[in-house]
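Please look at the sequence and the structure before reading on.

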Amino acid sequence: MTRSATPSTASTGKAATDKTPAGKAAATQATPRHDRIADAALALLAERGLRGLTHRAVDEAAGLPQGSTSNLARTRAALLETAVRRLAEREAAVLTPPEMPDAAGSGPAALADALSLGLHRSLTRHRDLTVARYELALEATRRPELRAFYDRAGQRFREALVAMLTAAGSTAPERHALNVLAWCDGMLFTCVAGQFHATPPTRRDLRTGIEELLTGLLGRG
């Protein structure tokens, strides 16, 4: 999540900015087959839930010949791991490198800016991706092998947050990272699947909430 490590959204497909049918078709053709399959799996998870995620359904959603998904991920466990891997890649690209605070010396204000922007995009542009993440997270509680894979995929986000909290002056960055992640996840769930799903907060409201949280955490140490 530092400026040198976070992938740019440009790396996920420039043609995606073209909303015309021709532009969408070009973007699909330009996307590697394994990414098309993983993206289709994530879209199905958001639309139909885990019951709707089958190899045949992914082939159809990706516009690929039957058997394509099985060639990439032969088992259901492998398909879920493919989805988790792609989820981590796409969530890492929600913010571009210039939008991320420098872990070497940014303060709470820069961190609040970045977190609020990422949350707002996850609640608006990437809402389906957020729903897919919760589907996978819940399934990971029932599949130990997926749990380990899911945790490894998310470790880099936790490590980056710990680094930025340390740079912001935290004297207990691991504990504070838990608090910040819990706040962010709670906000996402509440505004995607909970009581506030119909009225998500504005970017300004999210920034105010995060800044209040950071002020309390960093002020107490």
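**Basis of the description.** This is a predicted model, in which local features need pLDDT of at least 70, side-chain atom pairs count only at pLDDT 80 or more, and totals for chains, interfaces and linings use all residues. Residues are numbered from 1 along each chain as its sequence is written, and side-chain values use heavy atoms, with hydrogens and water left out.

**Overall fold.** The protein chain contains ten helices and zero strands; helices (H or I, at least four residues) and strands (E, at least two) are DSSP runs, numbered from the N terminus. Of the 221 residues of the protein chain, 43% count as buried. Buried means under 20% relative accessible area, exposed over 50%, and partly exposed in between (1.4 Å probe, protein chains only). Among contacts in the protein chain with a separation of 6 or more, 68% come from residues 24 or more positions apart; a contact means heavy atoms within 4.5 Å.

**Nonpolar cores.** A nonpolar core is a set of buried Ala, Val, Leu, Ile, Met, Phe, Trp, Tyr and Cys residues joined through side-chain atoms within 4.5 Å. The largest such core has 30 residues, and those with the most contacts inside it are L42, L45, L53, V58, V84 and L136. Two or more residues each are given to this core by α2 (33-48), α3, α5 (76-92), α7 and α8 (144-167). The most comes from α5, with seven residues. A second, separate core of 26 residues includes L95, M164, C184 and V192. In soluble globular proteins, nonpolar side chains tend to be buried together.

L42 touches A83, R86, L87, R90, L129, A132 and L136, when residues up to four places away in sequence are not counted.

**Helix α9.** The 20 residues of helix α9 (residues 173-192) should span 28 Å at 1.5 Å a residue, and the end C-alpha atoms are 28 Å apart, which agrees. The expected span is 1.5 Å times one less than the number of residues. The buried residues of α9 are P173, H176, A177, V180, C184, L188, C191 and V192. These residues cover an arc of only 125° around the axis, so they lie on the same side of α9. The arc is that of the directions from the helix axis to the C-beta atoms.

**Aromatic pair.** Rings of Phe, Tyr and Trp (its six-membered ring) pair if their centres lie within 6.5 Å; planes under 30 degrees apart count as stacked, over 60 as edge-to-face and the rest as tilted. By this rule there is one aromatic pair. The rings of Y134 and F189 have centres 5.4 Å apart and planes at 90°, so the pair is edge-to-face. The pair links distant parts of the chain, with Y134 in helix α7 (residues 127-140) and F189 in helix α9, 55 residues apart.

**Two single residues.** R121 lies in helix α6 (residues 108-123), and H55 has its place in helix α3 (residues 55-62). Leaving aside neighbours within four places in sequence, R121 is in contact with V94, L95, E99, H126 and R127. With neighbours left aside in that way, H55 is in contact with T69, S70, A73, R74, T75, R76 and L79.

The table gives the accessibility of the residues discussed individually.

| Residue | Relative accessible area and class |
|---|---|
| R121 | 11%, buried |
| H55 | 16%, buried |
| Y134 | 16%, buried |
| F189 | 42%, partly exposed |
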